[in-house]
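This note concerns ring contacts and strand pairing in the model shown below.

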Amino acid sequence: MKTKIFLAIIITSLVSCNQIDKLLTFNITNQASFTVNSGFVVNSPFEIPTPDVTTNSSSNFSNNNTRADLVKDVKLQELKLTITNPTNKTLSFLKAVHIYISTNANDEVELAYADNIVSTANTINLTCTSQKLDTYIKAPSYKLRTKVTTKETLTQDVTVNADMRFSVVADPL
């Protein structure tokens, strides 16, 4: 009997913790843009510079009734690449793309990737890694490094927008 009561208490507290986490979960979105220049060698990976991304995390945390010191888990939920210029271009030129995140205080980790890309659309969702990203999102800004492999020669530069959605779990104020 005591075992059943103890087990019921444990199950109830686990369910309660999961429900509380759901109540304290919100999303943060960020965006970055990069250009794949024409003239790169086909089937050879190359890096594309990406400007620093400002997080605005303090205001995002405040809008969700929390602070950076109360954030306990941040993970990337979605990273979508969309060609913005030229508007008629598709992602068929891409063979692979890997995106990494870092800050001045934190080592670089892989954020998302796609290999063996077969797409005739101008948008693709990358596979997100399961990295814990708290320190990157809490920072005022972070750096992205994009490594691309093309499977065809580009005759013009292609501008790509990266839309990122992070899931944040925090304690309330």
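1. Please note that the model is predicted.

2. The partner of β2 is β9; the two strands run antiparallel and are joined by four bridges. Within this pairing, Glu-47 stands opposite Lys-147 of β9.

3. How many aromatic pairs does a search of the whole structure find? The search returns two. One of them joins Phe-26 and Phe-61 in an edge-to-face arrangement, with 6.4 Å between centres and 75° between the planes. Because Phe-26 belongs to strand β1 (residues 25-36) and Phe-61 to helix α2 (residues 57-63), this pair ties together parts that are 35 residues apart in sequence.

4. Are these two phenylalanines buried or exposed? Phe-26 is buried, with a relative accessible area of 9%. Phe-61 is buried as well, at 1%.

5. Tyr-142 and Phe-166 also form an edge-to-face aromatic pair, at 6.4 Å centre to centre and 75° between the planes. This pair links distant parts of the chain, 24 residues apart: Tyr-142 is in strand β9 (residues 141-150) and Phe-166 in strand β10 (residues 158-170). Both Tyr-142 and Phe-166 are buried.

6. A further ring contact involves a charged side chain. Arg-145 is placed over the face of Tyr-100, 4.2 Å from the ring centre.

Note on methods
Residues numbered from 1 in each chain as written. Predicted model: local features only at pLDDT ≥ 70, side-chain atom pairs only at ≥ 80, totals over all residues. Heavy atoms only, no water. Phe/Tyr/Trp six-rings, centres within 6.5 Å; stacked < 30°, edge-to-face > 60°. Buried < 20%, exposed > 50% of the residue type's maximum accessible area, 1.4 Å probe, protein only. Lys NZ or Arg CZ within 6 Å of the ring centre and 35° of its normal. Pairing = 2+ DSSP bridges.
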